[in-house]
Amino acid sequence: MDRHCFIIAEAGVNHNGSIELALQLCDVAKKAGADAVKFQTFRTENNVLKSCGWVDYQKENMPEADSHWDMIKSLELTDEEFIRLKEYCDSTGIEFISTPSERKSLKLLLDMGVKTIKLSSCDVSNIPLLRAAGRANRRIILSTGMCTPEDINRAVEIIEEAGTVPENITLLHCHSSYPTAFADVNLRVMNVMRDRFRLKVGFSDHTPGWEMSVAAAALGAEVIEKHFTLDKTMEGPDHKMSLDPRELTLFVAAIRNVETGMGDGIKRISAAEQEVLKAYSRGIVAARDIAAGDVFTEDNITVKRPCRGIDVRDWDNVIGRKAKRAFKPDEPVALD
């Protein structure tokens with residue numbers, strides 16, 4: 001079956017505000033075989049109140065930051081740096097994607113010519129951003145953590161009413177805790193969303209490891225997104241729960257293996273099995289000396305491999321027939 005899961009290597013803010021690290025992340029994603037590398041585009045002043053409190057895992061991973069606002073500010077890249085990243089990705093053959101947190105960042109990305117707009121779970125209810133993204137009628141991938149089916153339905157309506165056709169919308173099942181406990185994944189929701197909204201679906205994976213992404217691929221996810229980093233020991237909010245370069249390569253390979261292994265659903269004997277069948281097909285042979293005129297019975301014939309004469313599937317047609325000649329033990333029997 002010709003199916004290709006679009007794999008997004010989520011760099012996010014794992015560049016720590018450094019364009020050089022961001023470029024290295026692009027290289028790692030490309031080498032691993034991902035279809036796209038994704039960042040996050042934001043201006044802290046336009047996105048976060050200075051009074052915003054900490055998320056526990058972020059505070060644990062960035063103990064030196066004075067506040068949530070300061071942490072976010074330290075992870076910004078400039079407009080010029082995002083343009084450089086997009087140009088670099090274009091030159092190396094991997095799609096550049098970034099998640100805008102507000103309309104000014106969205107406009108920057110649209111002006112840069114991005115093909116795909118990725119919207120985060122926290123913006124499922126962000127009517128101005130949804131509407132602005134919908135007007136662009138580009139490919140939209142919407143994560144759906146922290147929201148209800150009604151929230152998703154409203155977001156899809158806004159995007160479609162703004163001008164994006166359903167064929168350009170993909171919903172990602174997502175659980176917005178870092179890392180996500182396996183008991184919280186509820187992966188079956190992905191296909192429930194496909195049936196309910198009649199849209200393409202995928203999975204944004206925040207679990208440890210990549211078992212859930214492999215399972216999502218087997219369930220038919222069209223997009224899978226996973227965080228990665230250059231080094232899990234780096235300081236930053238997301239490094240510890242991200243894949244390292246080696247793990248990212250294994251992650252991509254595992255999904256591609258699942259895609260290949262799912263096949264087309266038609267049961268057949270493959271070319272590789274035909275070779276095995278030559279040694280393992282079973283045929284009917286004499287169990288002992290059989291004289292001409294003897295009747296073939298379950299006592300004087302047996303089944304052994306490989307088949308050199310009558311196939312075992314013809315067993316019932318042989319039993320009760322008379323031997324037209326003599327057969328030695330292990331000699332394939334014949335009816336003529």
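Helix H10 gives the most to the lining of the second largest pocket, with five residues. Helices (H or I, at least four residues) and strands (E, at least two) are DSSP runs, numbered from the N terminus. This is a predicted model, where local features need pLDDT of at least 70, side-chain atom pairs count only at pLDDT 80 or more, and totals for chains, interfaces and linings use all residues. Residues are numbered from 1 along each chain as its sequence is written, and side-chain values use heavy atoms, with hydrogens and water left out.

**Overall shape**

- The protein chain has 14 helices and ten strands.
- Its C-alpha trace spans about 100 × 45 × 40 Å along the principal axes.
- The radius of gyration of the protein chain is 30 Å, whereas a compact globule of 336 residues would have one near 20 Å.
- That radius is taken over C-alpha atoms, and the globule rule is 2.2 Å times the number of residues to the power 0.38.

**The second largest pocket**

- A pocket is an open set of points on a 1 Å grid over the protein atoms alone, with protein on both sides within 12 Å along at least five of seven lines; a cavity is a set where a 1.4 Å probe fits but cannot get out; lining residues have an atom within 4 Å of a point.
- The second largest pocket has a volume of about 210 Å³.
- A volume is the space filled by probe spheres set on the points, and grid points are joined across faces, edges and corners.
- The lining has 13 residues, and Cys147, Pro149, Ile152, Val189 and Met193 lie nearest the centre of the pocket.
- Helix H8 (149-162), strand E6 (169-174) and helix H10 (189-197) are the elements that give two or more residues to this lining.
- By class, the lining of this pocket divides into nine nonpolar, three polar and one charged.
- Ala, Val, Leu, Ile, Met, Phe, Trp, Tyr, Cys and Pro count as nonpolar, Asp, Glu, Lys and Arg as charged, and the others, Gly among them, as polar.

**The largest cavity**

- Rolling a probe the size of a water molecule over the atoms shows where empty space is left.
- The count comes to one cavity of 30 Å³ or more.
- The largest cavity has a volume of about 30 Å³.
- His175, Thr180, Val185, Phe203, Ser204, His206 and Thr207 line the largest cavity.
- Two of these lining residues are nonpolar, five are polar and none is charged.

**Helix H1 and its surroundings**

- The axes of helix H1 (residues 19-32) and helix H12 (residues 245-262) come within 8 Å and cross at roughly 35°.
- Axes are lines fitted to C-alpha atoms, for helices over the stretch in contact, and angles run from 0 to 180 degrees between N-to-C directions.
- The crossing of H1 and H12 is right-handed.
- Right-handed is the term if the near helix is turned clockwise from the far one by less than a right angle, and left-handed if anticlockwise.
- Val28, Ala29 and Ala32 of H1 meet Pro245, Leu248, Thr249 and Val252 of H12 in the contact.
- Contact means heavy atoms within 4.5 Å.
- The contact of H1 with H12 has six nonpolar, one polar and no charged residues.
- Leucine 21 also lies in helix H1.
- Not counting residues up to four places away in sequence, leucine 21 touches His15, Asn16, Leu230 and Met234.

**Backbone details**

- A cis peptide bond, with omega about -5°, joins tyrosine 178 and proline 179.
- Proline 179 lies in the loop between E6 and helix H9 (182-185).
- Another cis peptide bond runs from arginine 305 to proline 306, with omega near -5°.
- Proline 306 sits in the loop between strand E10 (301-304) and helix H14 (315-318).
- Asparagine 186 has phi near 55°, a positive value in a residue other than glycine.
- Asparagine 186 belongs to the loop between H9 and H10.
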